[in-house]
Amino acid sequence: MTPRSSRPTMKDVARIAGVSPKTVSNVITGTVTVRSGTRARVERAMQELDFVPNLNARGLRNGRSGMIGVALPDLGTDFSASISHALLEAAHRRGLAVQVEETAAEPQREYDLVSRARTHLVDGLVLNPVRLDDSVVGRMEHLPPIVLIGEVEQHRTDRVFVNSRAATRTVTSHLIAQGARRIVALGSMSNDAGADTATVDQRLRGYLDALEAAGLPASQELQAPVPQWTIEGGAAGASLLLERGTQFDAVVAFTDTLAVGVLHALREAGIRVPEDVLVTGFDDVEHARFSSPPLTTVHFSHQEYAEAALDLLTSRIEDRTLPPRAVEIPHSLAVRESSGAAPVRGASDARGARK
């Protein structure tokens, strides 16, 4: 066979895969669902031919860059790392390049990113704003294609979310069923409720729902702030409770990252988990399964979350007249040893230890 003198084309891929060039385009862009077997044949053909989509040429034809933006408040958290990875993988399968940015919860950074989209430097954005009041989504007219991820509720653009209120009610109810009665909600950013994020608001509401359903009082003393949503912040929040002499037998940490910090602070203070205090998290990041003890947490598929966001974004790029859509990702409770659900070898009775 004569060596190729030029780069392979979609027609070459289509011939090898036994499909039409349009099907190859659908696999690359992800704008149309392609059966898994067909997608696999196309991907094998692309790999065999060392085919790289010509995004610049495609952009000249349709006015697009082949680039999307992803903006998260804090790229340093385990959840952000996991979601970023899932979004990058989902974008790659659609032939899209990704520009990842950190907003640090600063509205101006969101405005800058949206301005890039409006000038066609990127085709669309996946944003994770912390508050609707601060977000560009609530303030700017004529938005480019945008998908929000997270708890901020609005009806101007597409959104992917987990029902944080219902999920936190579930995890708090689990602790109550395990015998806990003085349960800390750890994760607010300030004693000033107006400074809290949409995520904090929804998770705190779920916690309070569970207490009310169980007939337990809601104590302000047990609603613990943290300086930031990091391991260090979780440890600081738990340490402050201990310094104040606050009595508690369980902690609902609003993220797994915070929960890992709580586990560290309790261990440093000689408090056993789960024998003395139960601890739970939220997000089911990889570290949750390997913490000591393994962490009970709210689970949902990060891959499904990312795929839903990219599905919405690519269809929005194709048709900006679509009505705003909201996709809820199902959640479940991943029950592990930190909530006393698994027997601890040689340990005293957990319920008795917390009385």
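Good morning. In this predicted model, the largest nonpolar core holds 66 residues, and Val160, Leu186 and Val279 touch the most other members. A nonpolar core here is a set of buried Ala, Val, Leu, Ile, Met, Phe, Trp, Tyr and Cys residues joined through side-chain atoms within 4.5 Å; buried means under 20% relative accessible area, with a 1.4 Å probe and protein chains only. Helix H12, residues 302-318, gives the largest share of this core, eight residues. Helices (H or I, at least four residues) and strands (E, at least two) are DSSP runs, numbered from the N terminus.

A second, separate core has 13 residues, including Ala14, Ala17, Val19 and Val24.

A word on conventions. Residues are numbered from 1 along each chain as its sequence is written. Local features need pLDDT of at least 70, side-chain atom pairs count only at pLDDT 80 or more, totals for chains, interfaces and linings use all residues, and side-chain values use heavy atoms, leaving out hydrogens and water.

I turn now to the backbone. Most residues other than glycine have a negative phi, and most peptide bonds are trans. Which peptide bond is cis, with omega near 0°? That bond runs from Ser292 to Pro293, and Pro293 lies in the loop between helix H11 (286-290) and strand S10 (297-299). Another cis bond joins Val273 and Pro274, with omega about 10°; Pro274 sits in the loop between helix H10 (256-268) and strand S9 (278-280).

Finally, Asp283, in the loop between S9 and H11, has a positive phi of about 120° and is buried at 5% relative accessible area. Asp284, also placed in the loop between S9 and H11, has a positive phi of about 50° and counts as buried at 13% relative accessibility.

Notes
Buried < 20%, exposed > 50% of the residue type's maximum accessible area, 1.4 Å probe, protein only.
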